[in-house]
Amino acid sequence: MPIFKYFFKLTLILFCVLGECEVIFAQKPKQDTTQTPKEKIQLSGIRFGLDVVPLGVTFLDKNRTQWEANAELLLGNSYLLCLDVGSASLQRFEGDYSNKGTYWRIGADYNLWRKKGNLQDGQFTFGFRYCLANFQHQLDYVIQNPYWGNLQGAVLEQNLRISWIEFTATLKARIAPNFWMGPVARFDLKFNNAQDSILEINDIPGFGVTNNIRINLGYQLRYQIQWKKTPIKK
Amino acid sequence: MPFVMKYILFGGLIGIILLMNTSCKRKCTSDLKNIIKVQFYNKETLRLDTVVFERIQGLGVDSILYTAKDSLVNTYQLPASDGQDMIDFVFTRKEGSLLKGYTLRLTYKRQLTINTPGCGAFNRIENLQVPFSDFDSVVVINPFLDNTSNANIQIFF
């Protein structure tokens, strides 16, 4: 497909520019001499930030408005407590359908990238979230039925509430002192709609179109306030 | 910053931006009609049969769906109503010199949806039932109207 060819070429160019045309496959793996100390789980910092993908969607699609803010508590080198709060609204069919609401996710991440840098330069985390969206949807409709007659009506359903669980994989790197960025992949699982709604639920803020399984991508920016540097055993 | 990290960070960012730009446009590709397909079977041979009716029409509707001329088929396609959960169809048949009407009453559950990409509002119809019929033997074989099945109702006549 052309888009993948384009993406492949672009990333290949970046690959050469950023890495100054290094051939990484020819490099011998360096032996890692550092050892992770047995750590205490204690509050070592806090990060605030946002996801740029919802902002990008808002910028590119005039029918959608989204934002998402994030906070992370760093517990030692390995654990992060995470809280995401966001809002999303969209319109379809020239405004005949609208959906808006807020969502939050709460959970924890476990960092696998501890040997190099100990949360100082990079993180590769897997995590779990419990997510809840509170929203409303509205539809003005005309259904054409040439035999029995057309049906015209309007539906507004408020205080709809849906929860789901999410597994995340996140890669973050420190790009400047206290500034972090990186992509996140979210694997969302929704078990049921739990609503006896007149209009079938089609979009959920923070989740997307209501398939039971979704993979969402994000790109996060963070500012870190460091309380305590975690020790690295040499 | 490690080299691989740079690659993933910037490659990932560009990838996500490209994906946002090329997100699929929603086009309506479905034929959004709720059609109830009724097949007639010979009750003795249990084989698909053609039963000719003088007319078939919905109760309370002036328009005739089928006349004797176009009822030389074994599957009748009856439209569901978007505004009612219960509809009656009357099948009028010439028996000798008399016209006899057979009523087929159908009930179903409607769910308003916009799930079909780009097509706007649509009633998804499920739980099709036949609570009353003048036909001797009526079987609902597919209670969900999805336009892909050959038949929803079999009538043994």
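What follows walks through the salt bridges, the cavity and the nonpolar surface patch of a predicted model.

Start with the charged pairs. Side chains of opposite charge can pair when their charged atoms come close. Over all chains, the structure holds 20 salt bridges. One of them joins A:R222 to A:E72, with N and O 3.3 Å apart. Since A:R222 sits in strand 10 of chain A and A:E72 in strand 2, this pair ties together parts that lie 150 residues apart in sequence. Both A:R222 and A:E72 are buried.

A second pair is A:D84 with A:R129, whose closest N and O atoms are 4.0 Å apart. Here strand 3 of chain A supplies A:D84 and strand 5 (residues 122-143) supplies A:R129, so the bridge links parts 45 residues apart in sequence. With a relative accessible area of 3%, A:D84 is buried, and A:R129 counts as buried too, at 4%.

Then there is A:D203, which bridges to A:R92 with closest N and O atoms at 2.8 Å. A:D203 belongs to strand 8 (residues 203-204) of chain A and A:R92 to strand 3, so parts 111 residues apart in sequence are tied together. A:D203 has a relative accessible area of 4% and is buried; A:R92, at 14%, also counts as buried. Shared partners join a set of salt bridges into one network made up of A:D51, A:E68, A:D84, A:R105, A:D109, A:R129, A:E166 and A:R186.

Now for the cavity. Searching the whole structure turns up one cavity of 30 Å³ or more, and the volume of the largest cavity is about 50 Å³. It is lined by 13 residues, and the closest to its centre are A:E72, A:D84, A:R129, A:Q220 and A:R222. Strands 2 (64-75), 3, 6 (151-176) and 10 of chain A each give two or more residues to that lining. By class, the lining has seven charged, three polar and three nonpolar residues.

On the surface, a nonpolar patch is formed by A:L50, A:L55, A:W67, A:L83, A:V85, A:W104, A:I106, A:Y130 and A:L221, which together have about 740 Å² of accessible area. Strand 3 (79-92) and strand 4 (97-111) of chain A each provide at least two of the patch residues. A:L221 comes from strand 10 (residues 213-226) and, at 33% relative accessibility, counts as partly exposed.

As for chain B, its secondary structure comes to one helix and nine strands. Of its 157 residues, 41% count as buried.

Key: Residues numbered from 1 in each chain as written. Chains lettered and ligands numbered in written order. Predicted model: local features only at pLDDT ≥ 70, side-chain atom pairs only at ≥ 80, totals over all residues. Heavy atoms only, no water. Patch = residues over 30% accessible without salt bridge, like charges linked within 9 Å, V, L, I, M, F, W, Y side chains within 5 Å. Areas by Shrake-Rupley, 256 points an atom, 1.4 Å probe, with all protein chains shown as cover. Salt bridge = Lys/Arg side-chain N within 4 Å of Asp/Glu carboxyl O. Helix = DSSP H or I, 4+ residues; strand = E, 2+ residues; numbered from the N terminus. Buried < 20%, exposed > 50% of the residue type's maximum accessible area, 1.4 Å probe, protein only. 1 Å grid on protein atoms, 1.4 Å probe; cavity = no way out; pocket = protein on both sides within 12 Å on 5 of 7 lines; lining within 4 Å. Points joined across faces, edges and corners; volume = space filled by probe spheres on them. Nonpolar A, V, L, I, M, F, W, Y, C, P; charged D, E, K, R; others polar.
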